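Hi,

Here is the model I promised to pass on. Have a look at it first, and my notes follow below.

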Amino acid sequence: QNGAVAFHIIGVIYMFVALAIVCDEFFVPSLDVIIEKLGITDDVAGATFMAAGGSAPELFTSVIGVFVSFDDVGIGTIVGSAVFNILFVIGMCALFSKTLLTLTWWPLFRDCTFYSTSLLTLIYFFRDNKIWWWEALILFSIYITYAVFMKWNQQAERFVKKIVYKNKVTRVRSTDQLMPAVSSLQLHA
């Protein structure tokens with residue numbers, strides 16, 4: 001009561017600084033070496049090793065919540081953490097960035113599609129307030145599908161963009177006429 005709040009705040013700040021130092025000095029360089037030695041692409045590394053590293057606190061909190069304290073803190077922690085990562089972390093990075101962040105629509109579309117699928121599946125499985133082993137296996141399979149998809153992310157992106165931009169329309173001159181985009185190869189053919 002007398003100074004306990006200040007002590008807790010100092011403790012939390014100390015833990016955040018310690019976590020930042022450990023991640024910056026040991027964890028990220030170790031992951032870089034593992035990724036380089038295994039020849040993993042950046043997309044797959046982001047979906048596996050980097051994601052596991054970033055989600056390790058939620059994993060351990062959930063494991064302790066389920067197996068030690070027999071509490072259901074896990075689901076709220078995991079889903080809440082995902083919302084925090086999507087909204088707060090990305091927002092703060094953009095807010096304090098010294099350069100203009102240029103983003104494309106493909107990563108957002110890809111990740112939101114997998115995230116929405118996984119959340120809808122999770123909601124469906126929670127209709128009876130229980131997760132059975134086969135439901136857990138399906139949820140794990142969705143993650144494996146995402147990680148495998150990331151292996152061919154660039155090819156999938158080119159394929160989807162080819163379809164999306166196939167009938168691209170551009171405005172010419174100052175009139176309101178719309179004409180299909182024509183490449184220089186098509187003009188000379």
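Let me start with a tryptophan: at 38% relative accessibility, Trp-134 counts as partly exposed. For that label, buried means under 20% relative accessible area, exposed means over 50%, and partly exposed is what falls in between (1.4 Å probe, protein chains only). The areas themselves come from the Shrake-Rupley method with a 1.4 Å probe, and for residues only the protein chains shown count as cover.

Before the rest, some housekeeping. This is a predicted model, so local features need pLDDT of at least 70 and side-chain atom pairs count only at pLDDT 80 or more, while totals for chains, interfaces and linings use all residues. Residues are numbered from 1 along each chain as its sequence is written, and side-chain values use heavy atoms, with hydrogens and water left out.

**The overall picture**

The protein chain has seven helices and two strands, and along the sequence they run α-α-α-α-α-α-β-β-α. Helices (H or I, at least four residues) and strands (E, at least two) are DSSP runs, numbered from the N terminus. Of the 189 residues in the protein chain, 14% are buried. The chain exposes about 15300 Å², and carbon and sulfur atoms supply 71% of that. Among contacts with a separation of 6 or more, 44% are between residues 24 or more positions apart; contact here means heavy atoms within 4.5 Å.

**Aromatic rings**

There are eight aromatic pairs in the structure. In the pair Trp-106 and Phe-109, the ring centres are 5.9 Å apart and the planes are at 40°, so this pair is tilted. The rule is that rings of Phe, Tyr and Trp (its six-membered ring) pair if their centres lie within 6.5 Å, with planes under 30 degrees apart counted as stacked, over 60 as edge-to-face and the rest as tilted. Both residues belong to helix α4 (residues 105-125), where they are three residues apart, about one turn of the helix. Trp-106 is buried, at a relative accessible area of 3%, whereas Phe-109 is partly exposed at 45%. Together with Trp-105, these two form one aromatic cluster.

Which way do the rings of Phe-125 and Trp-134 meet? Their centres are 5.9 Å apart and their planes are at 75°, so this pair is edge-to-face.

One more ring to look at is Tyr-124: the charged end of Arg-127 sits over it, 4.1 Å from its centre. That label requires NZ of Lys or CZ of Arg to be within 6 Å of the ring centre and within 35 degrees of the ring normal.

The largest nonpolar core has five residues, namely Val-44, Ala-47, Phe-114, Tyr-146 and Met-150. Helices α2 (42-67) and α5 (133-151) each supply at least two residues of this core. A nonpolar core is a set of buried Ala, Val, Leu, Ile, Met, Phe, Trp, Tyr and Cys residues joined through side-chain atoms within 4.5 Å.

Leaving aside neighbours within four places in sequence, Ala-47 is in contact with Tyr-143, Tyr-146 and Met-150. Tyr-143 lies in helix α5 and is partly exposed at 33% relative accessibility. The C-alpha atoms of Tyr-143 and Thr-48 are 9.3 Å apart, although 95 residues separate the two along the chain.

**Salt bridges**

How many salt bridges does the structure hold? There are two, a salt bridge being a side-chain nitrogen of Lys or Arg within 4 Å of a carboxyl oxygen of Asp or Glu. One joins the side chains of Arg-110 and Asp-111 (2.8 Å, N to O). Arg-110 is buried at 8% relative accessibility, while Asp-111 is partly exposed at 28%. Glu-157 and Lys-161 form a salt bridge too, with their closest N and O atoms 2.8 Å apart. Both of these lie in helix α6 (residues 153-164), four residues apart, about one turn of the helix.

Most residues other than glycine have a negative phi. Asn-129 has a positive phi of about 60° although it is not a glycine. You will find Asn-129 in the loop between α4 and α5, where it counts as exposed at 67% relative accessibility.

Cheers
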